[in-house]
Amino acid sequence: MNDHFTVEQLDAGLRAAFEASPNAYILLTPDLHILQANQTYLDLTGARREDILGQPLFAAFDSGPAETAPENVRQVQASLEKARETRQRDHLALVHFATPRTLDDGRQVFKERVWSATHTPILNAQGEVTMLLQHTVDITHLSDTPRADTTVTALDAIVGGSLLLRAQSVQEDNLRLESERNRLVEMFMQAPGFVAILSGPHHRFQMHNPAYGQLIGHRDIAGKPIREALPELAGQGFFEILDTVFETGEPYEGRESLAQLQRSPDARLEPLYLNFIYQPIRDDAGSVVGIFVQGHDVTANVEAAQRQKLMIDELNHRVKNTLATVQSIAIQTARSHVDPHTFAETFQSRILALSHTHNLLTQSHWEGAELRAILQHETEAYGPTRISLNGPPVSLAPAAVLSLGMIFHELATNAAKYGALHTEDGRVLIDWAIADQRAPRLVLSWREIGGPKVTPPDRRGFGSRLIERNIRHDLAGQVDLVYAPDGLIVELTVPLDRTLDQ
Amino acid sequence: MTHPLSGRRVLVVEDESLVAMLLETILEDMGCTPVGPASNIDEGEAMAREAELDAALLDVNVAGRQVFPVAAALKARGVPFVFSTGYGESGLPDEWRGNTTIQKPFTEAAIRNALMQALGVAEV
């Protein structure tokens, strides 16, 4: 093919190809002065050919006035010098460099852009470097990495950082991966649990989702190291765990961990139970570059479990106490009933009486019961003509209901066996009133009439002991049992404020 | 034969009168002299400090309060005691775990063994 062209023709053709290439090229002297730049390069940088030819490269392009400019220049210069010294092509994968743009009013502004550049040394027959060729691609739209000094951030490492390090690869791939990255970031942001990405050994917040923001009262934590962002966590162990995860690369899982957090400015620390994981993030070389934080607030679950334990403990206490009560009734009933038949009958009726008072309390959701209802319950088997109930409405607290239920059961059973209810004509008169309105007391009398002649018992049985004990011990009241010849008289006084309190 | 527990004065703290009656009956059968029973913490504390006592049986949950002030008063005097509870030993705070404990409902043998263990006496 060369045969068809003269050297001059070929030279002209190559010049035209250089000039027309869609790739951006600039040709430099070994001491980095500009020999030539093609049209794509000029278009890309906004420079005019006449302004830059013959200029030192970094006089023509200085990356603007920003603080980061000297570092940007240093990186490009280092890559060019490396290509020159090693006489090998050098890739500068990712570099920030600002270029000027002239506004309509004539002012010049610099815009920071991200580039990927290849520096190729051009050698003569002796192998000496005669020129350096820079080929550059603008990859600003592929990277939203905000800081020029950030090489690989934790976020990049997990959602496509390696892509940016291979920025020369096909742009379609980049665009596809960029959308992938955006989709992943979107997923993090919408996750119901809290998510944060901490970068570097000081655990700077690179990204956190709204759920994380809510956890910490929406403070401005972006870019801050965690010890500065969430100072109240000092001494709670979390910083030390993060340090360990970063140093060892071992993930950490926290279960129902108690964290004291400030959820709004000036608020007191609020205890929260959290399930969470600290997952180390590694770069392509395997070094830990950050920590992925993800978890849930399980405070409501932990508190519900605590309440449930309290309720189970309380239920257990009540069940065991009830069993102990039943046991007591069984043993003491057995002492006064040697015959198994009468034992079974008496024991059963006592258990049923206990059960009935429980029913009364269940109907009121354990708020209490009416005195008259308890009396009716225990005496209704004997018919209304034989029982006279006379007194005002009195509301009783649960403890008094349980005690009086047992007491009236014992009195009614005793009357049926030995007293007024044992004969056909006998009656029981029950009268009550409330004495002393300032410190109310229930004063009640149980009088039996028309029954057989009464003789005082030889020894105190279970029933009378139970009555005395219940009134004095449980209800802080007083009781008198009078075995009058005409019939038993029981007079009892129970303070009501006490029973209402319980 | 004299029972090793006979003549011992045993404080009973128990809010349920039927359960208290059972404990008294069991104690009397063993030859002990029941003291109390106290039906609330204040009464129990006063007896724990002032009454002449060899041992005590303490219900852990007394009318909605925990019995530990009574236990502390007894401990200060060097009077041994047994907890009775429906919760079991797991319901006790760490401070009192390891103390002799019986579970409700209880048998006469359980009460006798617990008292002998607390008093450090052997069966004769």
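## How confident is the model?

Chain B comes out with an average pLDDT of 87, and 93% of its residues score at least 70. Keep in mind that this is a predicted model, so these scores are the predictor's own confidence in each residue, on a scale from 0 to 100. Among the elements of chain B, strand E1(B) has the highest mean pLDDT, at 94, while strand E4 (residues 61-62) has the lowest, at 86. Where pLDDT is low, the predicted coordinates should not be read in detail.

There are also scores for the model as a whole: ipTM is 0.83 and pTM is 0.55.

## The sheet in chain B

Let's start with chain B. Here you'll find an open sheet of 5 strands, with parallel pairing, and the order across it is E2-E1-E3-E6-E7. At the edges sit strand E2 (33-38) and strand E7 (101-103), each of which pairs on one side only. Going from one strand to the next, the twist averages 20 degrees.

To see one end of this sheet, look at strand E6 (residues 81-85) of chain B, which pairs with E7(B) in the parallel sense over 3 bridges. Ser84(B) has its bridge partner in E7(B), namely Ile102(B). A helix joins the picture too: H2 (residues 41-50) of chain B packs on the sheet, where it touches strand E1 (9-13), strand E2 and strand E3 (55-59). The direction of H2(B) makes about 145 degrees with that of E2(B).

## Where the two chains meet

Now for the place where chain B touches chain A. On the chain B side 16 residues are involved, in contact with 19 residues of chain A. Which element of chain B gives the most to this side? That would be helix H1 (residues 17-29), with 7 residues. Sorted by class, the side of chain B that touches chain A has 8 nonpolar, 6 polar and 2 charged residues.

One helix pair spans the two chains. The axes of helix H16 (residues 462-474) of chain A and H1(B) come within 9 Å and cross at roughly 120 degrees, which makes H16(A) oblique to H1(B). The crossing is right-handed as H16(A) passes H1(B). From H16(A), the contact uses Arg465(A), Arg469(A), Asn470(A), His473(A) and Asp474(A), and from H1(B) it uses Ser17(B), Ala20(B) and Met21(B). By class, the residues of this contact divide into 2 nonpolar, 3 polar and 3 charged.

## The sheet in chain A

Chain A has an open sheet of 5 strands as well, this one with mixed pairing and the order E12-E14-E15-E17-E16. Strand E12 (387-390) and strand E16 (478-484) stand at its edges, and each has a single partner strand, so one side of each is left without a neighbour in the sheet. Direction ignored, neighbouring strands here are turned by 10 degrees against each other on average.

Within this sheet, strand E15 (residues 441-449) and strand E17 (residues 487-495) of chain A run antiparallel and are joined by 7 bridges. Trp446(A), for example, finds its bridge partner in E17(A) at Val490(A). And here's a helix you've already met: H16(A) packs on this sheet, touching E16 and E17 of chain A, as well as making the contact with H1(B). The direction of H16(A) makes about 150 degrees with that of E16(A).

## Two helix pairs in chain A

Helix H12 (residues 299-336) and helix H13 (residues 340-363) of chain A pack at an angle of about 150 degrees, with their axes 10 Å apart. That makes H12(A) roughly antiparallel to H13(A), and H12(A) passes H13(A) in a right-handed crossing. On the H12(A) side are Val326(A), Ile329(A), Ala330(A), Thr333(A) and Ala334(A), which meet Phe343(A), Thr346(A), Phe347(A), Arg350(A) and Ile351(A) in H13(A). By class, this contact has 7 nonpolar, 2 polar and 1 charged residues.

The other pair is helix H14 (residues 371-379) with helix H15 (residues 398-418) of chain A, whose axes come within 9 Å and cross at roughly 35 degrees. Is the crossing of H14(A) and H15(A) left-handed or right-handed? It's right-handed. H14(A) brings Ile374(A), Leu375(A), Glu378(A) and Thr379(A) to the contact, while the residues from H15(A) include Val401(A), Leu404(A) and Phe408(A). The tally by class for H14(A) with H15(A) is 6 nonpolar, 3 polar and 1 charged residues.

Notes: Residues are numbered from 1 along each chain as its sequence is written. Chains are lettered from A and ligands numbered from 1 in the order in which they are written. This is a predicted model: local features need pLDDT of at least 70, side-chain atom pairs count only at pLDDT 80 or more; totals for chains, interfaces and linings use all residues. Two strands pair if DSSP finds at least two bridges between them. Helices (H or I, at least four residues) and strands (E, at least two) are DSSP runs, numbered from the N terminus. Axes are lines fitted to C-alpha atoms, for helices over the stretch in contact, and angles run from 0 to 180 degrees between N-to-C directions. Two residues are in contact if their C-beta atoms, placed from the backbone, lie within 7 Å. Ala, Val, Leu, Ile, Met, Phe, Trp, Tyr, Cys and Pro count as nonpolar, Asp, Glu, Lys and Arg as charged, and the others, Gly among them, as polar. Angles under 35 degrees count as roughly parallel, over 145 as roughly antiparallel, 65 to 115 as roughly perpendicular and the rest as oblique. A crossing is left-handed if the near helix is turned anticlockwise from the far one by less than a right angle, and right-handed if clockwise.
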